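Subject: Structure handover

Hello,

Here is the structure I promised to pass on. My notes follow below it.

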Amino acid sequence: MDDVSAPATPPAGTYDDLPDHHGLLSAAAVAESEHADLLRRHQASLFPSVKLNFAEPIELRRGERQYVYDADGRQYLDFFGGIVSIPSGHAIPEITDAIKAQVDRMVHTTTLFLIRSQIELAERIRAMTPPKLDKVLFVNSGSEANEAAFMIASLARGSGELIALRHAYHGRSFATGGASQTPWRASNLSPLQVHHVGNPYCYRCPWEKTYPSCGLLCARDVEQVITTSTSGHPAAFVAEPIQGVGGFVTPPPEYFVAVKEILDRHGIPFVCDEVQTGWGRIGVADFGFQAYGVEPDVVVFAKGLANGVPIGGVIATDELASSIRSLSLSTFGGNPLATTAALANLNYIATHNLRENARVVGDYLKERLWGLAERYGTIGDVRGLGLMVGVELVADRTSKVPAPEVAVRVLDGAKRRGLLVGKGGLHGNVLRLSPPLIIDRSDVDAAVEALDGALAEASAA
Ligand SMILES: Cc1ncc(COP(=O)(O)O)c(C=O)c1O
C-alpha cells in the first residue's frame with residue numbers, strides 16, 4: 001500500500017514561502033525536489049483515471065490575463081484556458097473584485113432562498129437565447145447539466161432512448177459517459193439506450209465522401225437511425241455544435257438545419273450541448289446553434305460561463321422543464337458566488353466586445369496555421385470557428401493516419417517554448433487551441449512561432 005503519511009502535510013502559508021527543508025541544496029534543486037514530491041503525492045492520493053499533461057507535469061500557481069505562471073515563475077501563453085473555460089482571461093479585476101465582494105458578503109445559501117444574482121443570470125440567459133427557451137436550471141458542471149437535459153427530455157417523452165453523435169463528449173457521469181466517445185466511456189452500462197449516428201466530420205467522413213457533393217449523408221443518417229434502430233419515439237437528439245473533446249470537429253454549415261428538419265418531422269427535441277461553444281467563443285455568434293441557424297429545445301452550458309468558477313445549467317422550454325414532477329434541487333446550483341462571477345464575466349465579455357475579437361483574431365489564427373501547414377505535412381486539417389481552433393496531426397496527408405505521438409511531442413515542445421495548448425480527438429492527435437478571447441494578433445504570432453519550433457522538433461524526432 002502507498003505510504004500516505006509521508007511526507008507530512010504541506011507547510012501552511014503560500015507556496016511562495018515554502019521553507020528550505022533541504023539545507024545545502026540550491027534553490028533550483030529544492031524546487032525540483034518539491035515538484036517531484038508533489039507529483040508523487042498526486043499519484044498516491046488521486047484517482048489514477050485523472051491524467052496529467054506532459055512528460056514533466058507542471059503546477060500552475062498564478063494567472064494574469066492570457067498568461068499563466070508555473071511554480072518556478074515561468075510564464076506561459078495560455079492557449080487552452082483551463083480546457084475552454086476562461087473566456088475573459090485570468091485574474092481580471094472587474095471579475096475578481098465582484099467575486100471577492102460576494103465572498104465577503106456570503107458564499108452560499110441554497111436554492112431554498114431567493115438568490116438575486118441567480119435570478120438575474122437566468123433572465124440574462126433567457127435574453128440571449130430564443131424566446132421559446134424560458135426556464136433555467138443551474139447546477140455545478142457540464143456533466144450534471146447534460147444529465148438534467150437528458151432527464152427532462154426522457155421524462156417528457158416517456159422514453160429512455162437518446163440519439164448522439166459519434167466522437168461526442170457530454171461528460172463523465174453515468175448517462176453522459178454513455179453518450180460519449182469510446183476513450184471516455186468508463187462503463188458499458190448507462191441509464192439510457194444511446195444510438196450513435198455518423199459524425200459530420202468532413203476530414204474523416206464516415207462514408208468517405210467529400211463535402212458538398214456528399215449530399216449530407218451524415219444528416220440523413222439521423223433519420224435512418226430514428227426509423228431503423230429506435231422505437232421511433234426517442235427522448236432527444238443531443239449534439240455539440242462543434243465537438244470539443246472529439247477534436248474541434250466542425251460540421252458543415254447546413255448540417256444542423258437538415259437535422260432539425262428531420263427531428264421536427266419526428267417530434268424529437270434537440271438538446272444542444274454548448275458547454276465549450278457558448279458565450280462568444282466561436283466569434284460569429286454567442287452560441288453554436290445561432291451560428292448554424294437552428295433553435296434547440298434545450299441548451300446546455302457550463303465551463304466558460306463564470307470564467308473558471310464552477311457552474312453549469314440548462315435552459316429549456318417550459319414544457320420540458322415542467323416534466324420533473326418529483327422533488328428536485330441542486331444544493332450549490334446557481335449559488336451566490338457562482339452566479340455573481342457569471343454575471344461579472346458576461347458583462348466583461350459584452351463590454352469588451354470579446355465575441356467580435358474572437359471572430360477577428362480567430363480568423364487570423366487559422367490563416368497563420370494554414371501557413372504552417374504549407375511547411376509541415378503532418379498538419380492534415382485546420383478547423384473551427386472563432387477562438388476554438390483544432391489542428392489535426394497525421395502521419396502524412398495522403399494516408400491521413402492519425403499521429404498522436406507527434407501531438408504529444410508538439411504539446412511538450414510548445415510548453416518548453418512558453419505556450420500551453422490542449423489536445424483531443426478519438427486518437428489524441430488533434431491540437432486544441434482555445435485561448436482567452438482577449439488575445440490579439442501579437443499573441444497569435446507568438447503562439448504560431450512556438451508551434452513552428454515544436455512542429456519542427458517533433459517532425460525531426
Ligand atoms: C461539450 C461538453 N459537454 C459536457 C462536458 C462535461 O463538463 P464537466 O467536465 O464540467 O462535467 C464537457 C467537458 O469537457 C464538454 O466538453
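Which strands does helix H12 lie across? Helix H12 (residues 354-373) lies across S11, S12 and strand S15 (430-433). The helix runs at about 175° to S11. Axes are lines fitted to C-alpha atoms, for helices over the stretch in contact, and angles run from 0 to 180 degrees between N-to-C directions. Helices (H or I, at least four residues) and strands (E, at least two) are DSSP runs, numbered from the N terminus.

Two points on reading the model. It is predicted, so local features need pLDDT of at least 70 and side-chain atom pairs count only at pLDDT 80 or more, while totals for chains, interfaces and linings use all residues. Residues are numbered from 1 along each chain as its sequence is written.

The sheet: four strands form an open sheet, in the order S11-S12-S15-S14, with antiparallel pairing. Strands pair if DSSP finds at least two bridges between them. At the edges are strand S11 (379-385) and strand S14 (422-424), each pairing on one side only. The twist averages 25° from one strand to the next. S11 and strand S12 (residues 388-393) are joined by six bridges. One detail there: Ile379 has Leu393 in S12 as its bridge partner.

The domains: the assignment gives domain 1 (52-84 + 354-460) and domain 2 (95-351). Such bounds come from an automatic or database domain assignment. The domain centres, taken over C-alpha atoms, are separated by 26 Å. In contact are 24 residues of domain 1 and 23 residues of domain 2; contact means C-beta atoms, placed from the backbone, within 7 Å. On the domain 1 side, the elements giving two or more residues are helix H2 (81-84), H12, S11, S12 and S15.

The core: the largest nonpolar core has 125 residues. A nonpolar core is a set of buried Ala, Val, Leu, Ile, Met, Phe, Trp, Tyr and Cys residues joined through C-beta atoms within 7 Å. Buried means 20 or more other C-beta atoms within 10 Å of the residue's own; exposed means 12 or fewer, and partly exposed is in between. Phe237 and Val298 have the most contacts inside this core. Helix H11 (residues 336-351) gives the most to the core, with nine residues. Both domain 1 and domain 2 supply at least three residues each.

Arg172 is partly exposed, because 14 other C-beta atoms lie within 10 Å.

Best wishes

How values were computed:
Two residues are in contact if their C-beta atoms, placed from the backbone, lie within 7 Å.
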